[in-house]
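I opened the notebook to log what I looked up in this structure. Entries follow in the order I took them.

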Amino acid sequence: MKSIFQNFAFGILLLLVLVLLMSIIGKKNITGKEPQLNQNTNGASEVSFWLTKGDGSVLLQKQNTDLVFGTASNNYPVITVDTTQTFQSVDGFGYALTGASAYLINHLSAATRDALLKELFGNDTNSIGISYLRISIGSSDLDTAVFSYDDMPAGQTDINLQHFSLAPDQPNLIPVLKQILTINPNIKILGSPWSPPAWMKNNNSTVGGSLLPRYYNVYARYFVKYVQGMKAQGITIDAITPQNEPLNPDNNPSLYMPATQQDSFIRYNLGPAFQTANLTTKIILYDHNCDHPEYPVSILDNAATRKFVDGSAFHLYNGDISALTTVHNAYPSKNLYFTEQYTASNGIFKDELKWHLKNVIIGSMRNWSRNALEWNLANDTAFGMHTPGGCTTCKGALTIAGNSITRNVSYYIVAHASKFVPASAVRVGSNVVGNLYNVAFKTPNGKKVLIVENDGNSAETFNISFHGKWVTTSLDAGAVGTYMW
């Protein structure tokens with residue numbers, strides 16, 4: 001009886017040992033290494049992964065690979081997302097809706113236009129969720145003609161602005177904006193002028209010249225009438241800049257406005273005019289390249305001007321994106337914005353994708369910007385329309401030819417953020433590892449979003465760490481991934 005009991009006990013012990021061994025072996029793959037953390041036996045991925053490859057073979061496609069957080073270790077680089085570190089809130093991602101863009105969109109068939117605008121500005125799974133637009137006050141250089149809202153015959157002025165009219169925007173820009181607002185009523189709109197009316201300038205030309213001091217007050221009232229006029233159309237202008245590229249007098253249209261002039265104009269005219277009219281529209285400084293952060297800082301140094309100013313805006317045709325942090329460190333209570341960067345007609349997809357994700361999307365956000373905007377939304381097949389002397393090499397996010405629409409690299413650059421990071425999301429902590437440039441956000445509904453660009457020349461496998469667990473993924477050289485969980 002004792003022998004039978006001993007044999008039975010030995011059998012039970014042996015069975016337990018076998019179960020334990022099988023459990024240990026089950027955690028190994030056939031090479032004896034820990035399995036990839038993206039394997040999931042029940043097929044339920046915890047992390048959504050959207051990919052664009054530099055060769056264009058994959059374009060903003062959701063990947064089927066299961067990505068599941070676990071605790072098995074490996075030696076791959078680690079990007080740690082830390083929601084206890086919070087930075088700026090996000091106002092949105094988007095484009096400049098130029099006059100040419102509005103014209104091309106407005107001349108699509110009704111059905112094609114409706115479908116396109118829902119794709120661009122909607123919030124469903126088939127849209128890219130654009131949440132911020134920049135428009136020109138008067139014409140930009142990507143317009144069908146040069147105009148202001150108060151053009152006068154040579155030698156005449158209109159100091160009472162009796163001839164002020166938004167009529168040039170009535171055929172295309174205003175109808176397109178109204179339709180966009182039916183899709184996304186909360187979209188933010190920034191207005192920027194390329195030039196005042198020529199009669200307000202010291203050269204009586206749409207190109208270059210400076211605003212005459214005797215017309216500072218008239219021009220301030222011009223801005224007020226613009227904001228009020230758009231509001232009467234049902235279009236709220238969230239913010240304005242006093243001048244697009246104030247240090248570039250060579251475009252058509254354009255204006256030279258050094259910092260001392262912008263300071264004086266805001267302090268004595270524009271700020272008080274907005275205050276008197278009870279406008280809540282923000283005033284944003286500068287709106288030019290990152291090579292002169294001293295321009296906005298010198299204006300913010302003046303407390304009398306600073307009280308009227310919400311923040312500063314930048315482009316990146318010169319300088320380094322870290323200029324935004326330079327201004328933030330000088331005046332941390334003032335906001336930063338990234339308002340323009342174009343992709344070129346002769347640009348290479350993989351190069352544009354890498355550079356713009358690294359600098360415009362990831363770079364601006366890691367340097368305190370509340371938005372990131374590309375220039376511009378749409379062109380025709382000849383990279384028009386544009387004014388005489390306007391940009392001939394600016395490539396839109398869309399190429400529109402009749403009712404045919406081609407989505408270009410800028411579409412995917414912005415979509416990797418706009419589709420996943422809504423307004424009011426907050427940037428949170430994440431570390432850059434090697435060539436894996438990235439930025440992380442927490443959305444209003446609690447989702448975490450990580451945008452990663454592999455800036456290297458070879459594929460990279462890496463971990464995403466959150467709350468002490470890891471998920472392993474990889475990106476080809478030049479590829480961009482947006483991860484959400």
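**Entry 1: salt bridges**

Asp 263 is buried, at 10% relative accessible area. The model is a predicted one, so I read every value here as computed. I looked up the partner of Asp 263 next. The side chain of Asp 263 meets that of Arg 267 in a salt bridge, at 3.0 Å from N to O. Both sit in helix H6, residues 259–276. They are four residues apart there, which means a separation of about one helical turn. I noted the general point alongside: an α-helix has 3.6 residues a turn, so residues three or four places apart point the same way.

How many salt bridges does the structure hold? I found ten. I followed up a few of them.

Glu 119 pairs with Arg 407, and their closest N and O atoms are 2.8 Å apart. This pair links distant parts of the chain. I checked accessibility on both sides. Glu 119 is buried at 14%, whereas Arg 407 is partly exposed at 31%.

Asp 476 forms a salt bridge with Lys 53. The closest N and O atoms of that pair are 3.4 Å apart. Where do Asp 476 and Lys 53 lie? Asp 476 is in the loop between strand E21 (469–475) and strand E22 (480–484). Lys 53 is in the loop between strand E1 (48–52) and strand E2 (61–62). The pair therefore ties together parts that are 423 residues apart in sequence. Asp 476 has a relative accessible area of 37% and is partly exposed. Lys 53, at 24%, also counts as partly exposed.

I also logged a network: salt bridges link Arg 134, Asp 287 and Glu 340.

**Entry 2: the barrel**

I traced the strand order. Eight strands close into a barrel, in the order E4-E5-E6-E7-E8-E9-E10-E12. The pairing is parallel. I looked at one contact inside that order. Strand E7 (residues 239–240) runs parallel to strand E8 (residues 282–290), and two bridges join them. Which residue of E8 is the bridge partner of Ile 240? It is Ile 283.

**Entry 3: cysteines**

I searched the whole structure for disulfides and found one. Cys 391 and Cys 394 form the link, with their sulfur atoms 2.2 Å apart. The angle about the S-S bond is 100°, and the link is right-handed. Are these two cysteines buried or exposed? Cys 391 is buried, with a relative accessible area of 15%. Cys 394 is buried too, at 2%.

Cys 290 is in no disulfide. The nearest cysteine sulfur to Cys 290 is that of Cys 394, 17 Å away. Cys 290 counts as buried, at 4% relative accessibility.

**Entry 4: an enclosed helix**

I went through helix H11, residues 409–418. Ten of its ten residues are buried, so the helix is largely enclosed by the rest of the structure. Among the buried residues are Tyr 411, Tyr 412, His 416 and Ser 418.

The largest pocket holds about 600 Å³ of space. It is lined by 30 residues, and the closest to its centre are Asn 123, Gly 129, Ser 418, Lys 419 and Pro 422.

Of its 18 lining residues, Lys 231, Thr 236, Ile 237, Asp 238 and Thr 280 are the closest to the centre. Which elements give two or more residues to this lining? They are strand E6 (188–193) and helix H5 (216–232). H5 gives the most, with three residues. By class, this lining has seven nonpolar, seven polar and four charged residues.

**Entry 5: a cavity**

The structure holds one cavity of 30 Å³ or more. About 40 Å³ of space lies in that largest cavity. Its lining is Trp 194, Gln 243, Asn 244, Glu 245, Asn 248, Asn 251, Pro 253 and Ser 254. Two of these residues are nonpolar, five polar and one charged.

Terms used. Residues numbered from 1 in each chain as written. Predicted model: local features only at pLDDT ≥ 70, side-chain atom pairs only at ≥ 80, totals over all residues. Heavy atoms only, no water. 1 Å grid on protein atoms, 1.4 Å probe; cavity = no way out; pocket = protein on both sides within 12 Å on 5 of 7 lines; lining within 4 Å. Points joined across faces, edges and corners; volume = space filled by probe spheres on them. Nonpolar A, V, L, I, M, F, W, Y, C, P; charged D, E, K, R; others polar. Pairing = 2+ DSSP bridges. Disulfide = S-S within 2.5 Å. Buried < 20%, exposed > 50% of the residue type's maximum accessible area, 1.4 Å probe, protein only. Salt bridge = Lys/Arg side-chain N within 4 Å of Asp/Glu carboxyl O.
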